[in-house]
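Have a look at it first.

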Amino acid sequence: MNKNSKMSTELSIRCPSIVRGNEHELLEFLSKNSRNPIKSATTSWKGGILHINVDTKIESQSIKNLNNKKFKSEKMEIRFVYPKANANLPPTSVVIESLTKLIKSRYDPNSKFLNLETVIVDPLFLDTKMNGFPKDKTSKMGPVLCKIIEKECPDVQTISFAKNKIESLYFLDTLFTRIPNLLNVSFKDNLLSHYRDIEPFKGSSFQNLREVIMDGNPVKFKELLKEGGDINFKSNIKTLFPSITVLDGDALLEEIQFGVSEESMNKLPAETLVGFSDSPGALETAQLFLQSFLDAFDNNRQSLECFYSDNAQFSLMTPDQERSKAWQPFSRNLQTVKLADKRVKSLYQGPEAIMKVFNMIPKTKHPITDPPEEKKFIFDTYQVGAAPHCLMYIFLHGVFCDGVEFKTKRAFDRTFILMPSQPGSRSAIAGLPISILNDSLTIRFWNLNLGWKDSKIASTTATTQPVAQPQPVASQLPPEPLLSQYQVTNGLNDVQHQHVIMFSQGTGLNYQFSLQCLNENSFNLEQAHQMFQNAKGMIPPEAFLL
């Protein structure tokens, strides 16, 4: 849409020096100080706040740019006022008729493209008397719109909802039942601010969806400001739309799959044992400690104060993802917590500080009473030094539930460093034989642990052997006919294809992982090789398999 086109925009201005009667003086001030003259402005008072309406986008943006500027020695707070959709508007025959005409006028049956870009300013849409698209579930307009799209465009493959000030996709939550074979969809230049605003679209239900456009939405802007934001954004959108191969015009590398059954994919590469311990006594002590600690952590956290020594430390780490936001304010994830002051404050020291944060983080439920065949925990333990100065290390891995009615599952790793209770300490007074010196909790997204179900129970004291990992070899390339097929499948020209082969021969990576590495470095061989060297220890073994 042309930036000078007529489309009334409303702004609110809060400032102590703005009073009834000096509106004209304010408009002169705004016009004088803005980069463009303000010619079409009209004013009104709503709830004691001055509102200004202008006809062009360039005028509204010029006024918004004066936010925090002083008018008569007082700062102005200027905000856009977005119209609220009428969620309770009934789908009358007039509304249905207008929407039907609108969909027909915007659909091209030859290209199978439904272009709803800037539809909120279309006269046919304005005839419905709706102020944009609704952003909650209560509107009846969304299901009606989806039904009309199915009726008038049954073969549609591409839909654009770009530039419509859309704040949530709730109004499209039934679209997947109407046109399940949709191939491409655009939400470009809207107001989608969070991943939860996108989730109602039910992207995983569109199994044939190939391309999504999210450029120009706050959710992407905010993610890209973070370190590693581009990767996180692509990963999160790919989670919401599992079938897509193109995001915002960039190809997403297809997942590399092998001919294995789903059941075998959920198994670990080696048998899972009961856990390592260096002595039966250490094993028994660790078991009693964990059972007592986890039960109290779920049911009476305040009682854990006596478990911690006076100098104990506790830290919490969560992935930098919105789905763990209930835990994030307390996280010490050093990838995202950059300020030294915040790093120090998020390392909780002493029983009082630890109890304070325990009472603020979400309530949990650990399945410690599950039968052995459904076990959801495993731990390793060993001791260092000799009494009375020995230390015991416990590395616990498992699952707990939090959220409403404890229905959200999360995986976790927790490391404890324990010491014998010192005479006169709070642990000793409470009758506890040990005190916690350090407690480190890492929370991860939960995944199935079916690999544990068929595990054989080892002896009480077990010594684990490392699993042999495939080592890089000179080259992992298929025969020439298959190589040519790879080139065609991935849409590579001859130069790019040769670069992939050269990179594979130099690193030992297979063709697909070599292509992924080159794609991420714009086919710059030197940069790709440096990336390979930096990440060599983190590359999965399957990257070196043909």
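**Rings, charges and cysteines**

Q: Which residues do ring pairs link into a cluster with Phe416?
A: This is a predicted model, where local features need pLDDT of at least 70, side-chain atom pairs count only at pLDDT 80 or more, and totals for chains, interfaces and linings use all residues. Residues are numbered from 1 along each chain as its sequence is written, and side-chain values use heavy atoms, with hydrogens and water left out. Rings of Phe, Tyr and Trp (its six-membered ring) pair if their centres lie within 6.5 Å. Ring pairs join Phe416 to Phe289, Phe293, Phe297, Phe307, Tyr308, Phe314, Tyr348 and Phe358.

Q: Are the planes of Tyr308 and Phe358 stacked, tilted or edge-to-face?
A: Planes under 30 degrees apart count as stacked, over 60 as edge-to-face and the rest as tilted. The ring centres of Tyr308 and Phe358 are 6.1 Å apart and the planes sit at 70 degrees, so this pair is edge-to-face.

Q: Is Tyr308 buried or exposed?
A: Buried means under 20% relative accessible area, exposed over 50%, and partly exposed in between (1.4 Å probe, protein chains only). Tyr308 has 0% relative accessibility, so it counts as buried.

Q: Which residue has its charged end over the ring of Phe297, 4.2 Å from the centre?
A: A charge sits over a ring if NZ of Lys or CZ of Arg is within 6 Å of the ring centre and within 35 degrees of the ring normal. Arg414 lies over the face of Phe297 at 4.6 Å from the ring centre. At 4.2 Å, the residue is Arg301.

Q: How many disulfides does the structure hold?
A: A disulfide is a pair of cysteine sulfur atoms within 2.5 Å. Cys146 is buried at 0% relative accessible area, and Cys401 is buried at 16%. The number of disulfides is zero.
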